[in-house]
Amino acid sequence: WAQAHSANPRAQHAAGRAMLCATLVTQPLAQAIVGDMATDVDGAALLTCRAAGRAGVGLVTLAVPESLQPLFAAKVVEATTMALPEDDVEEVDPEPALARILDHEHDAIVVGPGLRPGLATTELVRELIAAPGDDAAPIVLDAEALRSIATMDGWWLGDRRPAVLTPHAGEFARLRAGSGHE
């Protein structure tokens with residue numbers, strides 16, 4: 001059995017490969033990692049990684065700012081980590097980060113848990129939901145990614161990758177208000 005499946009590169013991760021983008025994590029997350037606590041909202045990236053692994057995803061990659069990557073690499077044993085380039089103010093630089101994310105092989109992308117509000121976040125989310133082709137991996141939008149798309153006019157129009165939105169009531173109200181429908 002092992003020989004038959006080892007020839008297939010996808011057999012190593014037959015349950016799928018997920019990319020979790022917690023790209024603009026706030027400083028308390030670094031403190032939570034060092035302090036071995038994942039109970040704060042900032043621990044959302046850690047909790048999402050663990051949930052993906054427990055749900056059966058074969059390979060989870062956590063994309064984080066390069067300055068925090070060593071902390072995550074030591075803490076998240078369920079996932080591999082990817083360092084994303086940062087700009088002068090230590091936020092993820094959307095353009096090179098997008099290139100690195102899209103260059104990585106994955107079957108789905110989760111974006112939102114652990115993100116920090118800001119223009120860089122909004123730009124990265126905007127670029128991630130845009131469809132780079134017919135075979136674009138689906139994306140799950142949660143938390144701050146939902147807040148970001150609520151500020152974008154007509155984000156649902158045009159070519160975009162398949163998406164699953166996971167809003168709670170407040171996030172749904174923000175999305176609805178942003179759509180111009182009452």
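How many helices and strands are there in the protein chain? The model, which is predicted, contains eight helices and six strands.

**The whole chain**

Display the surface next. The accessible surface of the protein chain comes to about 9700 Å², and carbon and sulfur atoms hold 54% of it. Of the 182 residues, 40% are buried. Among the contacts with a separation of 6 or more, 65% are between residues 24 or more positions apart.

In which order do the six strands of the open sheet lie? The order is 3-2-1-4-5-6, and the pairing is parallel. Strand 3 (80-84) and strand 6 (163-165) stand at the edges; each has a single partner strand, so one side of each lacks a neighbour in the sheet. From one strand to the next, the twist averages 20 degrees.

Now select strand 4 (residues 108-111) together with strand 5 (residues 139-141). These two pair in the parallel sense over three bridges. Within this pair, Val 110 stands opposite Val 140 of strand 5.

**Helix 6 and its surroundings**

Select helix 6 (residues 119-129) and show its side chains. Which residues of this helix are buried? They are Ala 120, Thr 121, Thr 122, Leu 124, Val 125, Leu 128 and Ile 129. The buried residues of helix 6 pack against strand 1, helix 5, strand 4, strand 5 and helix 7 (144-150).

Centre the view on Ile 129. Leaving aside residues up to four places away in sequence, Ile 129 touches Ile 139, Leu 141, Ile 149, Met 152, Trp 155, Arg 160 and Arg 161.

**The nonpolar cores**

Finally, select Cys 21, Val 111, Val 125, Leu 128, Ile 129, Leu 141 and Ile 149. In the largest nonpolar core, which has 25 residues, these touch the most other members. Strand 1, strand 3, helix 5, strand 4, helix 6, strand 5 and helix 7 are the elements that each give two or more residues to this core. A second core is separate and has 13 residues, including Cys 49, Ala 52, Val 64 and Leu 68.

Notes:
Residues numbered from 1 in each chain as written. Predicted model: local features only at pLDDT ≥ 70, side-chain atom pairs only at ≥ 80, totals over all residues. Heavy atoms only, no water. Helix = DSSP H or I, 4+ residues; strand = E, 2+ residues; numbered from the N terminus. Buried < 20%, exposed > 50% of the residue type's maximum accessible area, 1.4 Å probe, protein only. Contact = heavy atoms within 4.5 Å. Areas by Shrake-Rupley, 256 points an atom, 1.4 Å probe, with all protein chains shown as cover. Pairing = 2+ DSSP bridges. Axes fitted to C-alpha atoms, helices over the stretch in contact; angles between N-to-C directions. Core = buried A, V, L, I, M, F, W, Y, C linked by side-chain atoms within 4.5 Å.
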